[in-house]
Amino acid sequence: MATGYSDDLSDSDDDFKLPVKITKRKIQAEASSLPPKKPRHNDALRKLPRLSSRPNVSSAETSQGQQSFQDTPRPDKRELDSDDPTINAKNIYDAVSSGKSDLMTVVDEWLDYYKQRHKQGFLVLINFIVQCCGCQGVVSREMLDSMQNAEIIATLTRQFDRSLASYPLSGAGSSPKRFRAGLCKFASILVRLCQNSLIYDEYLFVSLLSLLTGLSDSQVRAFRHTSTLIAMKVMSGVVEVFVSVSDQMQTIQRYHNVEMGKDMEDQSSQRLEELQASITELLRKKEELSFLLNATFRGIFVHRYRDRVVAIRAACMEELGVWIKTNPENFLNDGCLKYLGWMLYDKESVVRLQCVRSLQNLYTEKKFIDHMELFTNRFKKRMLNMVMDKQYEIAVEVIKLLLKIQQSTREVLQEEECAHIYTLVYAAQHSLASAAGLFLYLKLKSVIDSENEQGINYAFFQVLTNFYIQCKFHDHAIYLVDSLWDVAAVELKDWECMTTLLLREDGLTNVEEDTLIDLMVCAIRRAVEATPPFGRIWVKKGLSAKQMKTREQDRQRITTHFIPLLSQLLAKYSADPGKVKLLLQVPLYFNLDMSSSAQWMEKHLDQILTQICLIVEKHTENAVLEACSKLIDTLCSDRHTFSSRAHLAFSQLFDNLTEHFNTYYSDLMQAPSDDVFNAAMALKRMAALVSARNLSTERLFGSCTDLLKSRMESRHFDKELMVAALRCSAFHLMWAKVNLPSLPTKEEVKRLKKEVAFFCQICQECLSIAQTEIRDQAFELLCDLLLLYRANTVRSEPGLQNVYYVPSHFLTAEMAVFLLDYIFMDETEEEADEEAIKHLPKKRRLLAGYCKLVIFGVLDLSAATHVYKYYDKNYKDFGDIIKDTITKTKLINPVLSARSLCLTVQQVFTEMLVEGVNKRNIDEIKDLAKKLAMTFGNNLQHVRKPLVALHMDGIRFAFRACQEEEEQHPNVAFLELLSKFSFKLLQQDKDLLMDILKSQCPTAALSWHSVNVYQRSLKGTQAKLGEKVETITSPTMPVTKHQKINTGDKKIIKRQKIDTGDKKIIKRQKIDTGGLMANSNSTLDCSSIHSSELPCPILTSTALKQPHTKFGSRGGISESDVGGGLTEPESDDQFNLESQRPEMLSTEKLRSTPTQRGLNTQLNLLQLNDDFSEQEGKVEPDK
């Protein structure tokens, strides 16, 4: 139907015909060559067939016509329009386009002028329409008298300036919309003012529609669009007049029938004659109007409703809906409705949307439903499919349309068809989900018995929970609640009803209780946050004052209602982890400041604290303990008056757990014990408490690290025990850094440095364990700890300048290998699809932790190359993280960031040479290079220096000195990859790089294919910029026979699988750090970054993962901690590891680029090549 509906219109002219006999008005094929001075009705109509045929104007004829027209002197507009200078086409056009004039007065003045001078007045109207089309031509009086309409249109076509791409109705913006509204209003007012007189004069409207019919059939889009719009609006006005005349005739006919029903002696012959004359006159008017409607519908609508111009099709569908609703007696039939149904398949969203809105207006009228039954059954399937339209606005309107159909005819939509709409309550678009929520809400309310003994809200929650249980589309209740919120907020805020159902002993089943608790918590969250959940697209920005007030009122009601009842709910469902996890989220939305001021609530708060402690002692599930830790952090906040009581309660709980763990500690350290599980569970509970508050002690850290060390040595890896020990140790070090005094003693600093170094060594060993949970937890905690102990966090504190940790190159290499082995796994090593999707969030979190280390200066920029390699291959899973990392590193140092991208391509290219060249690998590297090149912005002036530095590194790499047993210039093919970065170079920079290429490239190599490809990329033309561009001076780049660039080649890491009984441990041999980490010969190196603009990152390992809470906000790191010019001190042990870092330039000798000065950042630039720096000395920054 979608593709063939236009083929069924061969006889569409017969689809519409008003039931009025027209005997004298037959459209003849012949037309008189010259119209009489005062054409009669039939003479004007003879022009309609001539106008409905498209005027064929060939290109040769057009050119000849243009020449002849140019030779003819153009008449003056003032002579053509009228003798009155105020009544002319230009003034009317200005009044319509301005949108500020009173169009009623404008039309009334023109009508007065038309009544005095018919020809001149009509000529003004014609020229006004021509000017509305954007045509510069003018219709003269001689043309009107001597030419047919088709000849006039052909002449105007030749005069039309086709170089102009727009016309008044085209384009977007306020001006075209204002002009369209004014033009439509002008046409409507014209018909309304003429409805009693001039519409029946057999000249004005007949001639006007005759001209519009010819223009609508023109090849010029402006003529076709403007004339069709005017004709459609005129026809809508004529339809209203026709209905008015029909109503008048029915009224007079009733009077006539009443008069005829009287006795002969009571009848008034004069009255009957007057009524009969009125009926005859109204019949004549209906005949006149019917003829105009037939001529317009057949001559314009049936041809233009499928026009190639979208706006024309949309205008036809809009007015067709108006005609059907205004005059259903003649238009509400299958012959007219089929056009709306056909255009539901239109490819353009504007047309589909207009059809849906027209149908909405029709289905609103209940009296139309019976007449539309055939249409509904025919196009119901299409309307159901349109709820998945790619345009959300259309899908929303279609759901509203189906809702009207459902309310009018309940048997039309089956339950299976309604289920197709129910799924949209989980849609990402908020408006679409809300529309589906309204449909679902009304459907649920329709099945509720209004005489329910327990109340309507009780029945509503029962029906809603049953729907959620039976619905297998989704399992996120927050999206369902958000979809229903706009229409069912009153029911969802009935906390009394929900808690009453939950506290009843025999009220609900276990599954229904789970569902109701989930819905209740989601409703609380929606009421307090007053915004849609994460992931749902919301157009509104911010909350109004009324919404803010409503939110605070709801929050107070929630606090007042749930504080007395929450302890009862926790006590009843304490054995169920799923229910407890949800109920523990309720206090997070309390207004605790209000509750603390009420004395009667203190007892209830103590009961809640008691229940929380019992839950911690009873449960070991991660979700429950994480919910407890979040609640503990909230209740222990210093801004609440009862925080001291909460802190005391949880401290006592922690002490009890510590004693419980110590009873098993000695047995665990001596030999494998049967009490491993009990000790692990106690340590797991302690980790949850420590993640929320600073409850740890030095003794606990020592016990955990000793336990981890003994387990690593004995190769007895217990997952629960080691993960809990890692978490307790890491949280102790984090709290120690946060709570460190501003002037710590040397003993405290030395002890803390030793603890951090020892724990990092343990985590490094854990990265090679075969246990996934231990390995991932060690990497996550390691990222957070390195981030917290980075050097630039203590620059502003003189007493803390030694309290930072620089990771060793061996640790950096292990972390990079972890990414390659467990995050960016090959497709052959991937798990099943479901498992991969399940593990993807954890992988993304681990990768984000590693990227934070690069962004905040913990790792060198060269460490990011291990991530950039997979930008194209793993773009679907990690593309957003990698792109964000590239963007932020460019803000820190654009040049070094660009060189890191070049180093990435070099490493991948070298790996390809080692593994063997094949077409698939080459294509993959080219795609990677293209994607990396697209990360440079569109500001070509801003990216000049980074791109030039990238190309110079690439040229050096391509022509590096050959090693023994190596073919001459094995890397020259790298130039083909480097050419992918050339399209954003300015022409001046291309010329510079061309000179550098010739100086580096041997003479014999100039004819090689790769060199030619790169040369062609540099010779391409560059788009002109609007500003003057200066040439970048080439930095000194000497070339010696012994020059080498370390490409960071990836070494193959051998592993030995050691069988330890039931576990296989992967042991890595010593790693050659030359390829996986930055050393003294690294191509790209960067020291610690002093970033005052970058915010303190959110740690990923803590259980307190609230979106607006940072670890440093609990009293540790302030904004003043980031700043100052700290020189890294020397340190003993393994804390500083200065001997393994390359020599750095002093920050005093560095000058920042304008970009760096704008960001208020400082980078200690490292030498990019040791051999090169020995000859040139210090590297000068870009000027």
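**Entry 1: helix 42**

I began with the buried residues of helix 42, where buried means under 20% relative accessible area, exposed over 50% and partly exposed in between (1.4 Å probe, protein chains only). They are Asn-921, Ile-925, Leu-928, Ala-929, Leu-932 and Ala-933. They sit on the same side of helix 42 because they cover an arc of only 130° around the axis. That arc is taken from the directions from the helix axis to the C-beta atoms. An α-helix has 3.6 residues a turn, so residues three or four places apart point the same way.

I turned to the other side of helix 42 and found Lys-919 and Arg-920 exposed. Then I asked which helices the buried residues of helix 42 pack against. The list is helix 39 (865-868), helix 40 (875-892), helix 41 (894-915) and helix 44 (974-978).

I also checked the length. Helix 42 has 15 residues (919-933), and at 1.5 Å a residue it should span 21 Å. The expected span is 1.5 Å times one less than the number of residues. The end C-alpha atoms are 21 Å apart, which agrees.

**Entry 2: how I read the model**

This is a predicted model, so I note its limits: local features need pLDDT of at least 70, side-chain atom pairs count only at pLDDT 80 or more, and totals for chains, interfaces and linings use all residues. Residues are numbered from 1 along each chain as its sequence is written, and side-chain values use heavy atoms, with hydrogens and water left out.

I count 49 helices and 4 strands in the protein. Helices (H or I, at least four residues) and strands (E, at least two) are DSSP runs, numbered from the N terminus. The protein has 1183 residues, and 55% of them are buried.

**Entry 3: two helix pairs**

Next I looked at helix 36 (residues 772-788) and helix 37 (residues 809-823). They pack at an angle of about 135°, with axes 12 Å apart. Axes are lines fitted to C-alpha atoms, for helices over the stretch in contact, and angles run from 0 to 180 degrees between N-to-C directions. Helix 36 and helix 37 are therefore oblique to each other. By the cut-offs, under 35 degrees is roughly parallel, over 145 roughly antiparallel, 65 to 115 roughly perpendicular, and the rest oblique.

I then moved to helix 24 (residues 495-503) and helix 25 (residues 510-529). Their axes come within 10 Å and cross at roughly 155°. That makes helix 24 roughly antiparallel to helix 25. Residues of helix 24 that meet helix 25 include Trp-495 and Met-498.

**Entry 4: Arg-357**

I found Arg-357 in helix 17 (residues 349-364). Leaving aside neighbours within four places in sequence, Arg-357 is in contact (heavy atoms within 4.5 Å) with Glu-393 and Glu-397. Leu-401 lies 44 residues from Arg-357 in sequence, and their C-alpha atoms are 8.0 Å apart.

**Entry 5: Pro-168**

I found Pro-168 in the loop between helix 9 (149-159) and helix 10 (174-193). Pro-168 counts as buried, at 18% relative accessibility. I listed what Pro-168 touches, not counting residues up to four places away in sequence; among them are Tyr-93, Gln-131 and Phe-179. Gln-131 is 37 residues from Pro-168 along the chain, with 9.0 Å between their C-alpha atoms.
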